[in-house]
Amino acid sequence: MKVATDIGGTFTDLVYIDANGDVQVAKSHTTPPNFEHGVMDVIEKSKLEKDAINTFIHGTTVVINTLTERKGVKTGLITTKGFRDILEIARGNRPDLFNIRYKKPKPFIDRYYRVEVEERLNYKGEILSPLRIDQVREAVAFFKKEGIEAIAVSYLHSYANPVNEIETVKLIKDLWPEVYITASHEVTKEWREYERTNTAVLNAYVQPIATTYVNNLNDELDKFGGGSSQDFIMQSNGGTTTFEEAKKTPISMVESGPVAGIFGAAVIGEMIGDKNIIAFDIGGTTAKCSLIENGEVKVSTDYYIEKNNRSAGYPIKTPVVDIVEIGNGGGSIAWIDDAGSLKVGPESAGAIPGPVAYGQGGVKPTTTDANLLTGRLSANNFDYDVDLEMVRDVIRKEIGDRFGMSAEEAALGIIRIANSNMLNALKLISIRKGHNPKDFTLVAFGGGGSMHAPALAKELGINKIIIPIASPVFSAWGMLMSDIRHDYIKTYIKRLGHLDINLINQEWNTIEEEACRQFRDEGIERENITFRRFADIRYVGQEHTVKVPVPNGDWKYTTTKLIMDEFHALHEQNYTFSLDGTEAEIVSLHVTAFGLVEKPKLNRIKRDTTLKQAKIETREVYYEDPRGWLATNVYQRELLPLGEVISGPAIIEEKAAATVIYQGQSLQVDDFGNLIIESEVM
């Protein structure tokens with residue numbers, strides 16, 4: 001049996017597929033700061049037998065939480081002489097251009113703990129000045145005295161030749177075996193000194209915390225099942241890795257949980273024959289979305305945390321699924337700003353105390369409370385006894401009275417503001433990148449995805465929405481469909497028109513041999529390894545690149561012509577123009593290596609039920625269009641008959657989620673249990 005667990009801001013989810021291909025799910029409350037307890041709680045809640053688990057996959061928020069909450073360890077940096085201040089200099093790009101009080105983000109390491117040593121390579125990786133071993137010894141002695149727990153090592157041009165970083169790491173381990181060490185070449189082999197140094201620093205900053213967490217989780221699993229399962233952790237690139245590999249480069253788990261749902265959406269799209277997908281995930285704390293084109297989940301190394309229109313954020317130069325995330329979810333708090341405008345999020349009530357409806361001490365209205373008061377959610381489906389009058393009173397006092405409206409009108413206002421925020425996120429990954437949302441299918445999941453997606457699809461003109469099987473815990477479901485994955489990216493600046501085919505074939509082969517060695521250490525045989533190649537290409541004189549899929553195997557000189565044509569087309573798609581006849585150059589080589597693992601087989605469901613059996617009740621629901629209360633049929637998802645059309649308005653309830661269908665929309669259940677919602681053609 002394959003089991004996957006995913007830790008969210010509010011809930012910890014579990015999905016498993018048994019030997020018969022049947023899917024079962026469970027949810028339990030997240031347990032900060034000891035997140036592993038929540039994992040074991042949801043395993044216990046699911047009543048899984050110890051000996052039944054042969055594969056365990058886990059998605060965690062421990063890395064991103066450690067970074068955003070600044071709860072990492074005291075970290076030091078050793079860098080090339082003259083580059084001590086690179087973390088402060090950063091980039092000159094100012095997101096808040098006209099703010100004369102703008103300040104760059106504060107580095108994660110104070111200047112006092114950033115130490116320079118003499119060593120120097122040129123851009124080719126040739127040694128200009130040898131490493132001063134005595135200065136490294138002095139740095140280690142200084143860090144010991146200051147109580148440093150982790151050290152990052154980042155030297156100039158070490159992406160081209162890591163010899164000095166390797167020697168430094170070996171010396172530190174000899175002098176101080178207990179300290180955690182991260183060398184920049186171990187986490188990224190791409191150029192750009194600031195981004196590479198910051199990535200190494202953040203990896204060192206979270207490594208002791210992540211290692212402790214993984215070890216604690218491993219111990220708990222050993223106690224539960226005797227350590228007989230294969231254990232994996234989800235990475236930000238959409239693949240999995242072993243527990244041991246995850247401890248070496250924990251920064252690769254920065255978006256561990258969310259990306260699994262994106263990958264799962266691609267799998268669903270392939271199952272039903274829709275390769276153009278917008279994946280949309282609404283949890284308790286955040287909403288996340290990503291665009292999948294022709295079945296390809298887009299991965300980028302231009303990832304930032306805490307980046308917004310007022311802050312430049314912090315770059316992380318590791319492969320991350322291209323995802324837009326905003327602070328809007330079921331637990332997002334509604335509030336009124338100084339200008340008197342209604343806002344929703346980014347602050348969340350979280351798991352503790354949670355929304356007012358939970359009755360656990362929450363006193364601020366949330367999106368969940370608004371959905372409850374307008375009839376979209378039923379009080380009968382909460383884990384707690386719900387005081388609906390208290391929810392109504394809080395929304396009226398906190399929001400309604402300020403605008404001279406009833407509690408129900410205020411609740412609808414909260415929902416509409418939350419939808420507006422989510423709509424902006426969906427536009428960022430579609431319209432803003434040159435894609436027409438009408439050409440895509442919206443796959444919505446998470447606890448709130450099915451509730452908000454039909455309204456958002458109407459706004460965007462999307463005609464088809466899929467609420468997949470196990471939608472409230474779909475990120476965990478996506479993990480079950482993932483292969484082991486490693487990305488190898490190397491800076492390799494060569495002009496396409498002057499390419500030495502023998503040399504570039506040698507580079508590709510070297511990278512793929514490295515991948516095979518790593519997979520062999522993880523128990524994956526060569527016949528189960530596949531590769532996908534990409535090249536980051538730009539016009540000569542440009543700054544930014546376009547990621548171009550390129551052929552596997554040995555290249556010929558005619559191959560470069562095909563690659564150039566593809567680059568022109570992708571450049572026009574991304575930037576609205578191409579420069580035919582202009583010389584282009586490769587900047588980086590990118591190999592994605594998959595270690596293929598056995599996937600669970602999904603059964604087509606068999607169901608002999610009727611709509612009458614599936615109907616729970618008729619409930620009054622407050623809608624925005626047409627405005628007012630409407631009598632709405634409510635159905636149980638698990639009892640819906642296959643293929644029968646349900647016209648909106650209607651609500652489909654399941655454990656931990658509800659789907660709201662509007663007038664002009666209809667729903668059917670397919671053979672795998674997915675809900676297919678379509679808008680009527682006018």
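This is a predicted model: local features need pLDDT of at least 70, side-chain atom pairs count only at pLDDT 80 or more; totals for chains, interfaces and linings use all residues.
**Entry 1: salt bridges**

I began by writing down what I would count: a salt bridge is a side-chain nitrogen of Lys or Arg within 4 Å of a carboxyl oxygen of Asp or Glu.

Asp 274 is at 18%, so it counts as buried. The cut-off I needed here is that buried means under 20%.

How many salt bridges does the rule give? I wrote down a count of 41.

Next I looked up Asp 393 and Lys 397, which form a salt bridge with their closest N and O atoms 3.2 Å apart. Both lie in helix H11 (residues 388–403), four residues apart, which is about one turn of the helix.

I then turned to Lys 547 and Asp 536, where the closest N and O atoms of the salt bridge are 2.9 Å apart. Lys 547 sits in strand E27 (residues 546–550) and Asp 536 in strand E26 (residues 529–539), eleven residues apart. Lys 547 is partly exposed, because its relative accessible area is 29%. Asp 536 is buried, with a value of 8%.

I also marked a network of salt bridges, which links Asp 85, Glu 88, Arg 111 and Arg 114.

**Entry 2: helix H13**

Today I checked the length of a helix.

H13 is mostly covered, with ten of its twelve residues buried. Among them are Met 451, His 452, Pro 454, Leu 456 and Leu 460.

**Entry 3: the nonpolar core and a nonpolar patch**

I opened this page with a general point: in soluble globular proteins, nonpolar side chains tend to be buried together. In this model the largest nonpolar core has 71 residues. Which of its residues have the most contacts inside it? They are Phe 56, Val 63, Leu 67, Ile 151, Ile 172, Val 254 and Ile 305. Helix H7 (residues 193–225) gives the largest share of this core, 13 residues.

Leaving aside residues up to four places away in sequence, Leu 67 touches several residues, including Phe 108, Leu 202, Tyr 205, Val 254 and Ile 305.

There is a nonpolar patch on the surface too, formed by Tyr 575, Phe 577 and Leu 579, with about 250 Å² of accessible area together. Phe 577 is in the loop between helix H16 (557–575) and strand E28 (584–595). At 36% relative accessible area, Phe 577 is partly exposed.

**Entry 4: a buried loop histidine**

His 435 lies in the loop between helix H12 (407–429) and strand E23 (441–445). I noted that His 435 is buried, since its relative accessible area is 12%. Not counting residues up to four places away in sequence, His 435 touches Leu 291, Glu 293, Ile 429, Ser 430, Phe 440 and Gln 573.

I finished with some backbone angles. The peptide bond from Pro 32 to Pro 33 is cis, with omega near 0°, and Pro 33 is in the loop between strand E3 (23–29) and helix H1 (35–46). The bond from Gly 648 to Pro 649 is also cis, with omega near 5°. I found Pro 649 in the loop between strands E31 (646–647) and E32 (650–654).

Arg 70 is not a glycine, yet has a positive phi of about 55°. Arg 70 is partly exposed at 36%. Asn 294 also has a positive phi of about 55°. With 59% relative accessible area, Asn 294 is exposed, in the loop between strand E14 (287–293) and strand E15 (296–297).

Notes. Residues are numbered from 1 along each chain as its sequence is written. Side-chain values use heavy atoms; hydrogens and water are left out. Buried means under 20% relative accessible area, exposed over 50%, partly exposed in between (1.4 Å probe, protein chains only). Helices (H or I, at least four residues) and strands (E, at least two) are DSSP runs, numbered from the N terminus. Patches are made of residues with over 30% relative accessible area and no salt bridge: like charges are joined within 9 Å, nonpolar side chains (Val, Leu, Ile, Met, Phe, Trp, Tyr) within 5 Å. Accessible areas come from the Shrake-Rupley method with a 1.4 Å probe; for residues, only the protein chains shown count as cover. A nonpolar core is a set of buried Ala, Val, Leu, Ile, Met, Phe, Trp, Tyr and Cys residues joined through side-chain atoms within 4.5 Å. Contact means heavy atoms within 4.5 Å.
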